[in-house]
Amino acid sequence: MSEEMMEEGGGGVIKKFCYINRKAPYGTIYALESLEVVLIGAAFEQDVSVVFADDGIYQLTKGQDTAGIEMKNFSPTYRALEMYDVEKLYVEKESLEERGMTADDLIVPVEVLSSAQLQDLMEDQDVVLSF
Amino acid sequence: MKFGILVSEGPYTHQAADSAYLFTKAALEKGHEIYRIFFYHDGVNNGTRLTTPPQDERHIVNRWSELAEKHKLDLVVCVAAAQRRGIVDADEAKRNGKDGDNLAPGFRISGLGQLVEAGIQCERLVTFGD
């Protein structure tokens with residue numbers, strides 16, 4: 001990763017980057033590879049927001065045990081985002097409710113926003129990457 | 001307008017690779033600039049030169065290589081995603097002790113920073129995927 005971290009190319013420009021995570025953490029690789037983009041992207045010192053919606057909220061659920069599927073449990077990495085100055089984490093309210101969950105079920109502190117509020121947030125972004 | 005392109009699905013399984021190619025071609029024909037095309041997730045499979053589709057089918061990989069040569073495009077395959085999926089250039093093959101390499105002409109392997117940089121430098125970053 002250190003080699004990639006050296007690839008600065010922003011030229012002093014700060015844009016609003018929004019990463020949207022909509023898929024469950026396992027089953028497909030999108031969640032893991034999205035997290036890799038967020039971590040590498042942090043080196044560019046942009047204005048980053050990370051959104052979790054639909055099954056993407058399962059990426060943040062507490063107590064993940066992946067031993068049975070022989071995959072690495074990468075959920076502790078979300079706790080490290082703060083160290084990368086990625087502090088704006090948003091979760092869609094409707095997605096939580098549909099799945100019978102609350103913010104207390106998640107491993108990191110998040111801001112819960114309604115679908116309409118998320119719409120405004122996304123409208124305000126320069127770059128939106130959806131995974 | 002200056003565009004960055006993200007291709008996040010593999011060729012043939014998913015139309016994303018075709019749509020990205022057709023969009024890129026159309027944008028270039030209209031005089032727009034394509035700053036970079038970044039291949040991520042299974043999209044890295046757009047860059048293997050070993051691809052051998054039936055002769056009466058479009059050759060997605062060669063099509064990218066030809067477009068890149070004609071327009072001097074920057075086709076970048078994510079190194080981490082590529083390594084997981086067995087896409088290697090000569091340097092990577094040597095470094096990882098592999099007996100062959102398969103990166104197609106016109107492509108290069110680099111890091112995810114290239115995707116973020118495209119987001120910063122371009123007026124629009126357009127994603128082709130699910």
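Two residues are in contact when heavy atoms of theirs lie within 4.5 Å, and the exercises below use this term for a predicted model.

**Exercise 1. The interface between the chains**

Task: Work out how many residues of chain B are in contact with how many residues of chain A, and describe what the side of chain B that touches chain A is made of.

Solution. 
1. Counting the residues on each side gives 25 residues of chain B in contact with 23 residues of chain A.
2. The size of an interface is often given as the accessible area lost when the parts come together. For this pair, chain B and chain A bury about 1,900 Å² between them, and 57% of that area is on carbon and sulfur atoms.
3. Within chain B, the residues that lose the most area to chain A are B:His41, B:Val116 and B:Ile120, which together account for 30% of what that side buries.
4. Two or more residues on the side of chain B that touches chain A come from each of α3 (79-85), α5 (113-121) and β5 (124-128) of chain B, and α5(B) gives the most, with 8 residues.
5. Sorted by class, that side of chain B has 11 nonpolar, 9 polar and 5 charged residues.

**Exercise 2. Helix α5 of chain B**

Task: Decide how many of the 9 residues of α5(B) are buried, and name some of them.

Solution. 
1. The helix is mostly covered, since 8 of its 9 residues are buried.
2. Among the buried residues of α5(B) are B:Leu115, B:Val116, B:Ala118 and B:Ile120.

**Exercise 3. A loop residue**

Task: Is B:Thr51 buried or exposed, and which residues is it in contact with, leaving aside neighbours within four places in sequence?

Solution. 
1. B:Thr51 lies in the loop between β2 (33-39) and α2 (60-71) of chain B.
2. Its relative accessibility is 18%, and because buried means under 20%, B:Thr51 counts as buried.
3. With those neighbours left aside, B:Thr51 is in contact with B:Tyr12, B:Asn45, B:His59 and B:Val61.

**Exercise 4. The largest nonpolar core**

Task: Find which residues touch the most other members of the largest nonpolar core.

Solution. 
1. This core has 74 residues, and those touching the most other members are A:Tyr19, A:Tyr78, B:Ile37, B:Tyr40 and B:Trp64.
2. Its largest share, 7 residues, comes from helix α2 (residues 30-41) of chain A.

Key
Residues are numbered from 1 along each chain as its sequence is written. Chains are lettered from A and ligands numbered from 1 in the order in which they are written. This is a predicted model: local features need pLDDT of at least 70, side-chain atom pairs count only at pLDDT 80 or more; totals for chains, interfaces and linings use all residues. Side-chain values use heavy atoms; hydrogens and water are left out. A nonpolar core is a set of buried Ala, Val, Leu, Ile, Met, Phe, Trp, Tyr and Cys residues joined through side-chain atoms within 4.5 Å. Buried means under 20% relative accessible area, exposed over 50%, partly exposed in between (1.4 Å probe, protein chains only). Helices (H or I, at least four residues) and strands (E, at least two) are DSSP runs, numbered from the N terminus. Buried area is the accessible area (1.4 Å probe) that two parts lose on being put together, summed over both. Ala, Val, Leu, Ile, Met, Phe, Trp, Tyr, Cys and Pro count as nonpolar, Asp, Glu, Lys and Arg as charged, and the others, Gly among them, as polar.
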